[in-house]
Amino acid sequence: MQMKLDEYITRFPERGEPVPMEFAGQWLAWNENRSEILSHGTDMDSVRHQAIARGCECPILQKVPRGPFVGGA
Amino acid sequence: MRFDYTAILSSSPDTGEPMVIFRPEVQIKVHGSKGSGDFLALVDTGADNTILPESIAHDLGITLIAGKGPAATAFGGQEITLSYADVKLELVHPDETLRWLARVYFAAGDADKETLILGHQGFLDYFTAIFMGEDCALDLQANAYLPRIADKSA
């Protein structure tokens with residue numbers, strides 16, 4: 001499923017904003033309720049520890065694809 | 001257990017326009033000897049195995065065993081060398097947390113291409129999964145084959 005941003009906002013107003021394009025290819029560390037991105041970068045370990053240093057004991061890590069994903073290539 | 005797909009702003013492959021793409025990702029907690037970590041991982045019905053980046057194993061102190069079988073083959077034919085371990089996984093949901101011991105494969109390689117895949121072995125074999133395209137959400141119900149482990153076990 002893909003849709004334009006305005007359609008997403010209309011159809012799913014209760015969901016958070018989509019991950020911004022600037023994070024493509026990076027690891028993100030979210031806070032525990034996934035409302036805020038605490039740190040980001042290309043190295044998972046450092047992203048995780050930066051988030052912990054910001055006071056989040058259990059950050060949730062997400063690897064953002066660079067574009068549409070078609071398998072583990 | 002219902003999981004909303006994650007939403008990522010990307011570019012349409014045909015027009016290049018900004019588009020929101022949806023991914024059936026769920027939150028899993030991975031346990032190792034040095035602690036645990038929470039990750040969003042893609043539920044992938046096309047993947048035979050559950051495959052995580054080796055960086056996770058290194059960070060969490062998971063001891064890996066070199067695979068003796070053939071390398072995994074990704075879309076496009078790229079071969080991926082895998083090692084493996086039996087790992088305690090948790091599926092995290094506000095209503096319920098499920099824990100089990102899973103054979104998880106770990107992929108070495110380019111950090112830029114790291115991805116987290118929940119495939120059949122270790123994950124989908126233990127669930128009935130309904131992908132609700134219209135709602136952009138995934139429903140997972142554990143089946144009788146889920147090898148549950150007690151809350152406090154290592």
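The model is predicted, so local features need pLDDT of at least 70 and side-chain atom pairs count only at pLDDT 80 or more, while totals for chains, interfaces and linings use all residues. Residues are numbered from 1 along each chain as its sequence is written, with chains lettered from A and ligands numbered from 1 in the order in which they are written.

**Chain A**

Chain A has 2 helices and 4 strands, and from the N terminus on they run β-α-β-β-α-β. Here helices (H or I, at least four residues) and strands (E, at least two) are DSSP runs, numbered from the N terminus. The C-alpha trace of chain A spans about 35 × 30 × 20 Å along its principal axes. Of the 73 residues in chain A, 27% are buried. A residue is buried if 20 or more other C-beta atoms lie within 10 Å of its own, exposed if 12 or fewer, and partly exposed in between, with C-beta atoms placed from the backbone. If you look at the contacts in chain A with a separation of 6 or more, 36% of them link residues 24 or more positions apart. Two residues are in contact if their C-beta atoms, placed from the backbone, lie within 7 Å.

**Helix 2 of chain A**

Helix 2 of chain A covers residues 44-53, and M44(A), V47(A), R48(A) and A51(A) are buried in it. They sit on the same side of helix 2 of chain A because they cover an arc of only 100° around the axis; the arc is that of the directions from the helix axis to the C-beta atoms. An α-helix has 3.6 residues a turn, so residues three or four places apart point the same way. The buried residues of helix 2 of chain A pack against elements of chain A, namely strand 2 (27-30), strand 3 (37-41) and strand 4 (60-63), and also against strand 5 (35-43), strand 6 (51-53) and helix 1 (54-60) of chain B. After helix 2 of chain A comes G55(A), with a positive phi near 105°.

**Where the chains meet**

The contact takes 32 residues from chain A and 37 residues from chain B. On the side of chain A that touches chain B, strand 4 of chain A gives the largest share, 4 residues. That side divides into 19 nonpolar, 7 polar and 6 charged residues. Strand 4 of chain A also pairs with strand 5 of chain B, in the parallel sense over 2 bridges, and L61(A) stands opposite F39(B). Strands pair if DSSP finds at least two bridges between them.

**Strand pairing in chain B**

In chain B, 3 strands form an open antiparallel sheet in the order 1-14-13. Its edge strands, strand 1 (2-4) and strand 13 (127-132) of chain B, each pair on one side only.

| Strands of chain B | Bridges |
|---|---|
| strand 13 and strand 14 (137-142) | 6 bridges |
| strand 4 (25-32) and strand 10 (82-92) | 3 bridges |
| strand 7 (65-66) and strand 10 | 2 bridges |
| strand 10 and strand 11 (97-107) | 11 bridges |

As for bridge partners, A129(B) has L140(B) in strand 14 of chain B, while V30(B) stands opposite L89(B) in strand 10 of chain B. A66(B) is partnered by S83(B) in strand 10 of chain B, and L91(B) by L98(B) in strand 11 of chain B. A hairpin takes the chain from strand 10 of chain B to strand 11 of chain B through 4 residues.

How values were computed:
Nonpolar A, V, L, I, M, F, W, Y, C, P; charged D, E, K, R; others polar.
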